[in-house]
Amino acid sequence: MSLKEKIDATKLPKHIAIIMDGNGRWAKGKGKLRIFGHHNGVGTVKTITESCAKLGIKHLTLYAFSTENWSRPAIEVRALMELLVDTMRKELPTLMKNDIRLSFIGNHADLPVKCQKQLHATMEATAANNRMDLVLALSYSAKWDLVQAVKNIAGKVKEGLLEPSEITDKIIDKELSTHQWPHPELLIRTSGEKRISNFLLWEIAYSELYFCDKLWPDFTEEDLFQAILDYQQRERRFGKTSEQISSTA
Ligand code: IPE
Ligand code: IPE
Ligand code: MG
């Protein structure tokens with residue numbers, strides 16, 4: 001039985017989030033420049049996106065560039081932005097063929113104009129697709145998102161539209177840039193690092209975390225299946241006892 005056949009199609013996560021990490025180390029291991037790793041990472045993005053869509057995953061969020069990544073050497077940042085524009089342009093037919101809608105979370109204004117334009121063009125072209133949402137986190141950090149949410153809520157309170165006592169976790173959910181998607185049930189990070197690096201802090205409150213030692217350009221469809229199988233073997237208790245969970249199963 002293949003790994004794919006072992007997956008229970010009735011228990012798929014609706015939303016998978018991935019911290020795609022390890023491109024630089026992958027390139028270094030081959031005696032190449034970091035950007036060579038980013039170029040090869042695009043191949044993995046393509047494989048994993050198509051694979052998730054075919055499996056029936058409804059939402060896939062990929063951490064492509066963090067707020068903190070702006071502090072990298074300018075030459076790497078520039079190359080990454082160019083790679084993004086190029087990839088979005090070249091991969092439009094793949095998105096259309098697989099009925100995938102592209103969305104974006106992050107600080108739009110930080111991105112180079114060319115990147116903003118390409119992002120909008122791709123989002124517009126794919127807006128009517130509905131097999132899967134591919135959400136790119138670009139110039140994104142969870143703290144940035146929480147700060148803008150708090151500012152919006154404070155503005156509503158100031159205008160008298162909301163009482164402080166009415167603020168609930170649902171209200172906070174609605175102000176986050178991820179509000180239109182369910183919270184991810186599964187978060188995967190490649191490269192062996194076991195940290196969150198300012199990704200979806202609020203939304204992963206109860207996500208299952210899966211860390212894989214492989215560097216992102218080496219991450220395969222089989223590795224994705226393995227992560228999903230691992231997820232399916234976990235008992236998600238949400239604070240309850242194991243007995244309570246099995247009696248409602
Ligand atoms: C992930 O790979 C891609 C981005 C953060 C843009 P890295 O570039 O972080 O690669 P490592 O972690 O240095 O190997
Ligand atoms: C996290 O990776 C950000 C992305 C994958 C886009 P980093 O490589 O930037 O994270 P740290 O600095 O090792 O925590
Ligand atoms: Mg890294």
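How many nonpolar, polar and charged residues does the shell around ligand 2 have? In this predicted model, where local features need pLDDT of at least 70, side-chain atom pairs count only at pLDDT 80 or more, and totals for chains, interfaces and linings use all residues, the shell has five nonpolar, three polar and four charged residues. Residues are numbered from 1 along each chain as its sequence is written, chains are lettered from A and ligands numbered from 1 in the order in which they are written, and side-chain values use heavy atoms, without hydrogens and water.

The residues around ligand 2 (a heavy atom within 4 Å) include Ile19, Met20, Tyr63, Phe65, Arg189 and Ser197. Strand β2, residues 59-66, makes the greatest contribution to this shell, with four residues (strands are DSSP runs of E, at least two residues; helices are runs of H or I, at least four). Oxygen atoms of ligand 2 lie 2.9 Å from a polar side-chain atom of Asn69, 3.2 Å from one of Asp21 and 3.2 Å from one of Arg72. Of the 390 Å² that ligand 2 exposes when taken alone, the protein buries 78% (Shrake-Rupley method, 1.4 Å probe).

Ligand 2 takes up the space of the largest pocket, whose volume is about 900 Å³. Met20, Asn23, Tyr63, Ala64 and Phe65 are the closest to its centre among 39 lining residues. Helix α3 (34-55) is among the contributing elements and gives the most to the lining, with eight residues. The lining divides into 17 nonpolar, 11 polar and 11 charged residues.

Methods. A polar contact is a pair of N or O atoms within 3.5 Å; within protein, one must be able to donate a hydrogen and the other to accept it, and residues adjacent in sequence count only if both atoms are side-chain atoms. On a 1 Å grid over the protein atoms alone, a cavity is a set of points where a 1.4 Å probe fits but cannot get out, and a pocket is an open set with protein on both sides within 12 Å along at least five of seven lines; lining residues have an atom within 4 Å of a point. A molecule sits in a cavity or pocket if more than half of its atoms lie within 2 Å of its grid points. Ala, Val, Leu, Ile, Met, Phe, Trp, Tyr, Cys and Pro count as nonpolar, Asp, Glu, Lys and Arg as charged, and the others, Gly among them, as polar. Grid points are joined across faces, edges and corners, and a volume is the space filled by probe spheres set on the points.
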